[in-house]
Amino acid sequence: MPWVKLLYLAFLFIPLRIQLGYCDLADDYSDDEPAAAPPPGQDNCNGVFLSYAFTSRSKEYPHVKNVTAQSWVFNSIATIVNSGTEEVKGWKMFVGFQHREILVSASNAIVVYGAGDFPVAVGNGTTLAGYPMTDLKTSIDTAGDYNQIAVQVLFTGTMFGMKEKAIPMPKTIKLANDGWNCPKPTKYPTYMHVCCKKNPKFKAKSPKGKYLPKQYGDLNFMYDVLKAYEGSYDAQVTMDNNSPLGRLDHWNLTWEWMRGEFIYSMRGAYTHRIDYSDCIFGLAGQFLQGLDFTQVMNCQKRPVIADLPEERANDTQVGKIPYCCRNGTLLPPLMDESKARSIFQLRVYKLPPDTAKTVFYPPQRWNITGLLNPQYKCGAPIRVDPTEFPDPSGLPEAITSAIASWQVVCNITKPEKKKTKCCVSFSAYYNDSAIPCSTCACGCDDIDTDTCNPNRRSMLLPPDALLVPFENRTAKAKAFAYLKHKTVPKKLPCPDNCGVSINWHLNSDYKTGWTARITLFNWDDTPFEDWFTAVEMKKAFPGYENVYSFNGTKLKSVKNTLFFQGLPGLNYLVAETNGTKPDDPRVPGKQQSIISFTKKQTPSINVRHGDGFPTKVFFNGEECALPDDFPRSAGHSYQVSFTAVIFIAIMTFLLMTDRLH
């Protein structure tokens, strides 16, 4: 019967189904899964292989018609693989973003020069460093363990200004470690890759131990673990100013704890916020229920740390640390080598699973700022050989070592236009017009630009107008413009908004030499102790002779730069004060000196035509904004006019000759 045949077929099918099911189950638990094929180009790379792949993007709110203003969510993947024979310590990768990108997250890496947590603008490109995996081992040393030789970074962010079907790829990718050469990447519509190789001519310091050698920077930090306990450790932070133009006043240091750590106590410094509420309501309160949090100094993920004032240096509770308690002052070694270093110590508590005595994760994203000082960009902490210290016993040649040490290197960066903190004006004996500081030289974000023009060039002034605040110069500027037959705009230029200005006045020019006068003005409410200024004189530097009211030095490590500081007892630039009468303008703090130069070493120098004016000016390490011109002499103007007359005469003659023909 038919149903009997069907039943028979069903019984035949059952063993086959069981056999197929068993095979599928065995495949699910098999360890012999085929490895994924390497990306294109990796097989032929004997070095470090980097790739970047765009994966997706979608339109963000708000939806606007303007293409350049429309924001998009984007996702991409960067991969870095050590396919060579040399371990890469402290890997860094540069990604040349170019579409006004804002990174919201990046897995397994941190933004090296980011001053804070995500989101961070990276539209001009950014450098990433590995975290928590900082080193890429070789396939030889790990038996091909991909988890130790490679890192994958998943990006999520926002970008602007592209049509819907356009693909937002970076300009380039490369390995940012010193001593590596990277050619132009091979590019595809949604993917690019490059193979970077060690530069055979690069001579790196050979490490004494198993970690990287210490590097040189304008400002160096050492993060040394001195003592380790179960669940906590004692650390010491040492900052060294190595730059002749580097300086910090009232420094504020910030970093970011990445694994829930917090500061229990400190010596030699303090946190701006002394509060333990973040611990109680966070993970620390859950894991450390037996800890008395009332004694905790700070539980912020990103604390702000400051130096102690001088009167706390001998305090047995928070002081008694060498090189501490200078009220946040860090001077160049040229001025005072003993004040070029600062130290503080802290007790750090850790959270599970990092409570073992041998587990340490230094804080990341270091950033330091000062009152009116250079802008520093700091790299990621790099593991170095443990720092050695003289043994506390005082025994000769006895030393003790830190348990673990990391170095953070910071370098001075040139301030962005209209974001500096000081400016320069030019004047000369042969011209009755002074060129003041540029409009909005120090920014115009804090003023009402409806009443002034932030984009108009600053108006020429009589030299005496430089002695009064900007708000008292309007009448002088208008009167001077009328006198010189210059047009007075309806909307006057905005002020420079700088707390400190420096006037460089060309004082004289004679056969065998010339002189200049430099004047420092403090328009702020804060005085400057132990101030310094420096000027770069590209052509005049060899002829520097003397400065008469300051101490002057030719810097050896900074090209063509003269360094000036106050004489003993005259190193204080006072703050701005009120005038003698209620209606008088406020009076700036002021210091000035004559500087003499000889022409013996610079016989071809043309002082009036620009060689007598500095090409860079610094105050307390901050590079000041320069005017876009210098005072012109009558002879210079006459020369230009005479050339124009000759040109017109020749053209007239040619036209007349042509007409006669």
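Asp 530 sits in the loop that runs between strand S30 (528-529) and strand S31 (532-536) of this predicted model, and its backbone has a positive phi of about 55° although the residue is not a glycine. Most residues other than glycine have a negative phi, and most peptide bonds are trans. With a relative accessibility of 18%, Asp 530 counts as buried, because the cut-off for that class is under 20%.

A second residue with a positive phi is Asn 327, where the angle is about 60° although this residue, too, is not a glycine. Asn 327 is placed in the loop between strand S18 (304-307) and strand S19 (341-349). Its relative accessibility is 34%, and Asn 327 therefore counts as partly exposed.

One joins Tyr 61 and Pro 62, with omega at about 0°, and Pro 62 is found in the loop between strand S1 (48-59) and strand S2 (71-82). Another joins Tyr 131 and Pro 132, with omega at about 5°; here the proline, Pro 132, lies in the loop that connects strand S7 (126-130) with helix H2 (139-142).

A polar atom of the Asn 298 side chain lies 2.9 Å from the backbone nitrogen of Gln 300. When residues up to four places away in sequence are left out, Asn 298 touches Phe 262, Ile 263, Thr 271, Arg 273, Asp 275 and Pro 303.

The protein contains eight helices and 38 strands, and of its 661 residues, 45% count as buried. Among the contacts with a separation of 6 or more, 70% are accounted for by residues 24 or more positions apart. The accessible surface comes to about 35,600 Å², and carbon and sulfur atoms make up 54% of that area.

A search of the whole structure finds ten disulfides. A disulfide is a covalent bond between the sulfur atoms of two cysteines. Three of these links, including that of Cys 378 and Cys 410, are described below.

Cys 378 and Cys 410 form a disulfide in which the sulfur atoms are 2.0 Å apart, and with 105° about the S-S bond this link is right-handed. Because Cys 378 lies in strand S21 (residues 375-378) and Cys 410 in strand S25 (residues 404-413), the pair ties together parts that are 32 residues apart in sequence. Both Cys 378 and Cys 410 are buried.

The disulfide between Cys 422 and Cys 624 has a sulfur-to-sulfur distance of 2.0 Å, and the torsion about its S-S bond is about -90°, so this disulfide is left-handed. Cys 422 belongs to strand S26 (residues 422-428), whereas Cys 624 lies in the loop between strand S38 (622-623) and helix H8 (634-660), so the pair ties together parts that are 202 residues apart in sequence. Cys 422 is buried, with a relative accessible area of 0%, and Cys 624, at 5% relative accessibility, counts as buried as well.

The disulfide that joins Cys 442 to Cys 498 has its sulfur atoms 1.9 Å apart, and with 100° about the S-S bond the link of Cys 442 and Cys 498 is right-handed. Both of its ends are in loops: Cys 442 lies between strand S27 (431-435) and helix H6 (474-483), and Cys 498 between H6 and strand S28 (500-509), so the pair ties together parts that are 56 residues apart in sequence. Cys 442 has a relative accessible area of 16% and is therefore buried, while Cys 498, at 8% relative accessibility, also counts as buried.

Technical notes: Residues are numbered from 1 along each chain as its sequence is written. This is a predicted model: local features need pLDDT of at least 70, side-chain atom pairs count only at pLDDT 80 or more; totals for chains, interfaces and linings use all residues. Side-chain values use heavy atoms; hydrogens and water are left out. Helices (H or I, at least four residues) and strands (E, at least two) are DSSP runs, numbered from the N terminus. Buried means under 20% relative accessible area, exposed over 50%, partly exposed in between (1.4 Å probe, protein chains only). A polar contact is a pair of N or O atoms within 3.5 Å; within protein, one must be able to donate a hydrogen and the other to accept it, and residues adjacent in sequence count only if both atoms are side-chain atoms. Contact means heavy atoms within 4.5 Å. Accessible areas come from the Shrake-Rupley method with a 1.4 Å probe; for residues, only the protein chains shown count as cover. A disulfide is a pair of cysteine sulfur atoms within 2.5 Å.
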